[in-house]
Amino acid sequence: MNYPVWYLPEIGGGTLIALISIIHVFISHFAVGGGLYLVCAERKGLRKNDGAIIDFTRRHAKFFMLMTVVMGGITGVGIWFIIALVNPAATSILIHNFVFGWATEWVFFVVEIVAIFVYYYCFGSMDTRTHQIVGWIYFIAAWLSLFVINGIVGFMLTPGVWLADGDFWSGFFNPSFWPSLLFRTFVSLMLAGVYAFLTTAYLTDQRLKSVMTRFSAKWVLSSFLAAIPCGYWYLSTLPNQARSLAEGASPTVRIAMQYGLYTAVLMIAGTLILLLVKPAWHSRPVSFLVLASAFLFLGSFEWTREASRRPYVINEFIYSNSIVKMDLEKINRQGFLKSARWVSQRSTTEGNLLAAGRDIFMNQCYPCHTVGGINNDIAARTSFMDYPSLLNYIANIHEIRYFMPPFAGNETERKALAAYIMKGIHGKSVQFTEETPEAVEEKGKTLFETHCVLCHSEQLVKEKTASWDRKKIRWSLDNLNRLNSSMPDYTGTAEEKEQVADYIFSLQGGAR
Amino acid sequence: MNTLIPAPDAIPVSWGYFKFLLMLTFPLHLILMNSMLGSAAIALYACLKGDETSKRLAYELAKVIPFLIAFAVNLGVAALLFLQVLYGHFFYTSSIVMGAYWIAVIPLVLVAYYSAYLFDFKFSSLGKGAVALVSLSLFIFLGIAFLFSNNITFMLDPEAWNVYFAKPAGTSLNLGDPVLLPRYLHFIVGGIAVGGLFVALVGKMKRKMASDVRAAAENIGMKVFTFFTGVQVASGFWFLLSLPQDVIRLFTGGDALATLIFIAGFLLALVVLAAGISRKVYAIAVLVVPLVYIMSFMRDSVRSGYLKPHFSPESLQVLPQYSPMFLFFFVLVAGIAPVVWMLRKALGSLPQAEEER
């Protein structure tokens with residue numbers, strides 16, 4: 001609201017952030033672990049006096065340089081560009097609070113590029129001892145980069161004491177700093193081995209291929225096994241709300257976690273085969289399979305971390321839609337449109353309801369919801385609702401689904417938003433039905449539509465409860481979270497639960 | 001007061017430190033970027049010319065361009081960081097107003113960067129493809145510079161931000177601004193001039209290169225430098241005169257320091273031009289560095305002049321915490337040591353590397 005919203009309704013800014021970050025994450029971790037891999041591979045070659053291994057290391061160094069300096073470096077700048085476009089308010093907070101953290105990281109970045117250039121271009125011409133020292137300098141600088149970035153990225157999920165004191169060091173050495181650093185360190189070593197599979201797959205010398213495949217497989221397996229306890233430690237440092245999200249309270253996170261698990265298993269299996277059973281089976285498809293598994297494994301970790309932060313960008317401080325938590329009350333009091341800078345309408349009137357609603361939608365919903373896009377399509381998510389149920393839902397949105405930020409604004413602005421979604425997007429009517437005596441009797445239906453159809457259609461509920469009796473339905477309304485951990489408990493009164501139970505039971509033709 | 005200007009965030013140390021760091025790093029970024037642009041332009045010319053010496057000169061430049069890109073980007077990161085600390089609320093906004101174009105910078109740099117590497121690593125087998133690759137890099141550089149000129153002029157002119165409401169997808173450019181074209185031209189022409197100097201320096205300093213290639217580098221580099229510096233003086237005046245009256249007045253006595261900088265810059269430019277005509281490569285190199293700094297200070301005065309009605313960094317709230325800055329300075333000094341050590345070792349071992357290639 002302080003900044004304009006870069007509005008790409010069909011794509012969504014989040015998708016673009018994800019696209020660039022995913023590429024960057026895979027390469028930047030490789031850039032750390034790969035440095036150590038190069039040094040160790042070179043030393044192995046020198047110790048065994050094996051020219052083929054040294055030659056392999058040199059070719060791998062070229063691949064490494066082209067991958068990390070170009071793709072890694074530019075996508076790193078790319079993340080900065082895209083987060084500033086999509087979430088300028090939070091980016092500004094990160095920049096202003098941690099400017100000297102970023103600046104320090106930049107120094108390591110300088111050392112890294114100089115080191116990798118010297119390492120690659122002087123491979124073979126420099127005396128081997130100096131050359132290895134250069135390799136070590138590279139690795140240390142790259143790891144220190146990780147050290148710094150890890151502090152700032154972790155701050156976003158677990159800002160800890162910073163929320164109270166605003167101190168650089170409190171934010172930097174936040175509660176998840178150490179487990180996250182260890183986890184990322186091992187993951188980066190693992191990726192170094194996985195990327196090496198790619199290079200080894202292209203080797204024609206069978207002896208060398210076998211030697212380097214085994215060498216790389218040991219890397220992957222040992223660092224992967226070391227990463228697992230760190231991952232658990234990391235989870236244990238998360239605040240309760242974030243942990244419950246990470247442990248599957250959100251359906252999307254649960255799916256991400258499952259993918260993470262499957263791919264982890266697949267990766268171990270693939271690596272074990274390469275390591276123990278038959279290094280000769282190593283081929284390009286195998287290396288791509290292992291690479292893809294490793295990507296999905298790390299991807300699911302990053303996705304879970306990002307998703308666990310919801311509804312905040314910086315936990316407990318600023319919401320995903322750039323509204324600062326402590327400003328919320330003031331915005332509710334004076335109205336969102338009057339508090340925001342970048343809106344076309346300054347207040348809601350009879351005539352501008354849809355235009356005002358669109359402004360509010362762009363600022364408060366679009367940060368996570370596309371309109372007709374793949375990611376969190378608002379049209380699909382609200383298709384079961386009508387105007388009254390949506391209006392009611394928006395009022396309690398954060399209570400019903402913790403991972404969505406509360407609505408910020410006054411009563412008429414909430415109506416404008418609901419009207420925009422219903423009429424502007426769905427083309428539905430925005431009239432309230434009159435409260436006739438029949439309608440009062442239909443209270444159960446109304447409640448059902450307000451609270452249940454957000455996630456499942458009437459038809460689905462009907463099918464799921466087909467064999468249930470009235471008593472079980474009533475019981476389930478007290479135990480929704482036990483039925484399915486992603487379902488929030490119903491917080492209505494006992495009387496309301498009776499009405500909803502009546503309604504659901506009536507769906508199967510049961511008498512009330 | 002323009003109501004669209006976002007509220008800035010507080011800074012941890014006095015604004016002067018950030019201004020110092022910005023003005024320290026930005027000119028270095030300019031010099032590298034200029035060298036990159038000029039080297040690509042001259043490499044293209046040499047490829048097109050096609051005689052044996054020119055081809056070898058093109059290859060020598062092909063080897064250098066990826067390094068120049070790497071360090072131009074690297075120093076750009078530092079400058080952009082300090083820019084965002086002081087002017088982020090302007091810069092983020094202008095970036096969003098042209099968001100669709102702005103994000104294109106990233107894939108464009110990637111393509112230019114990889115073409116530069118292909119141009120280097122595959123040079124001998126490229127044939128006519130060499131012209132295509134180096135042209136691709138060069139035109140992308142020119143395009144990116146145009147996008148940067150758009151963003152920076154947008155950033156300085158909050159009145160122009162209203163175009164956002166008609167195009168919230170960020171598909172606006174600042175084409176209506178009369179300063180855009182002269183500003184862009186000034187940076188491009190100056191860039192190619194400094195790039196010419198860089199090529200001449202490569203010719204002077206790389207003793208391992210064949211003498212005809214070295215002579216060609218120095219010759220063409222100096223020609224480019226002198227010609228484009230001449231054009232640059234003229235384009236500079238066009239740029240100056242296209243600025244708003246309030247801003248021009250800063251350099252004509254309105255602001256003593258800005259006027260002094262302007263006069264010093266103009267005189268130094270004339271000296272450099274004269275040195276270019278008499279082909280004193282090292283003398284020019286020594287003079288061009290302060291010249292780029294002076295021009296950057298002028299550019300900073302222009303920025304201050306534009307933003308004066310809206311904002312000045314002095315007004316930023318400071319929530320003091322100095323320890324992270326001290327850590328940064330310590331790491332910076334400590335980081336220079338291994339860099340110098342590695343470069344010395346590398347230069348010591350390079351002759352062999354050269355023969356091997």
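## Helix 2 of chain A

At 1.5 Å a residue, the 36 residues of helix 2 (residues 51-86) of chain A should span 52 Å, which agrees with the 50 Å between its end C-alpha atoms; the expected span is 1.5 Å times one less than the number of residues. Helices are DSSP runs (H or I, at least four residues) numbered from the N terminus. At G72(A), helix 2 of chain A bends by about 25 degrees, the bend being the angle between axes fitted to the seven residues ending there and the seven starting there.

## Basis of the model

The model is predicted: local features need pLDDT of at least 70 and side-chain atom pairs count only at pLDDT 80 or more, while totals for chains, interfaces and linings use all residues. Residues are numbered from 1 along each chain as its sequence is written, with chains lettered from A and ligands numbered from 1 in the order in which they are written.

## Contact between the chains

In chain B, 58 residues are in contact with 53 residues of chain A (C-beta atoms, placed from the backbone, within 7 Å). Helix 2 (52-97), helix 3 (99-121) and helix 11 (323-356) of chain B each give two or more residues to the side of chain B that touches chain A. Helix 11 of chain B provides the largest share, 18 residues.

## Helices 6 and 10 of chain B

Helix 6 (residues 180-205) and helix 10 (residues 281-307) of chain B pack at an angle of about 135 degrees, with their axes 10 Å apart. Among the residues of helix 6 of chain B in this contact are V194(B) and K204(B), while those of helix 10 of chain B include V281(B) and V288(B).

How values were computed. Axes are lines fitted to C-alpha atoms, for helices over the stretch in contact, and angles run from 0 to 180 degrees between N-to-C directions. Two residues are in contact if their C-beta atoms, placed from the backbone, lie within 7 Å.
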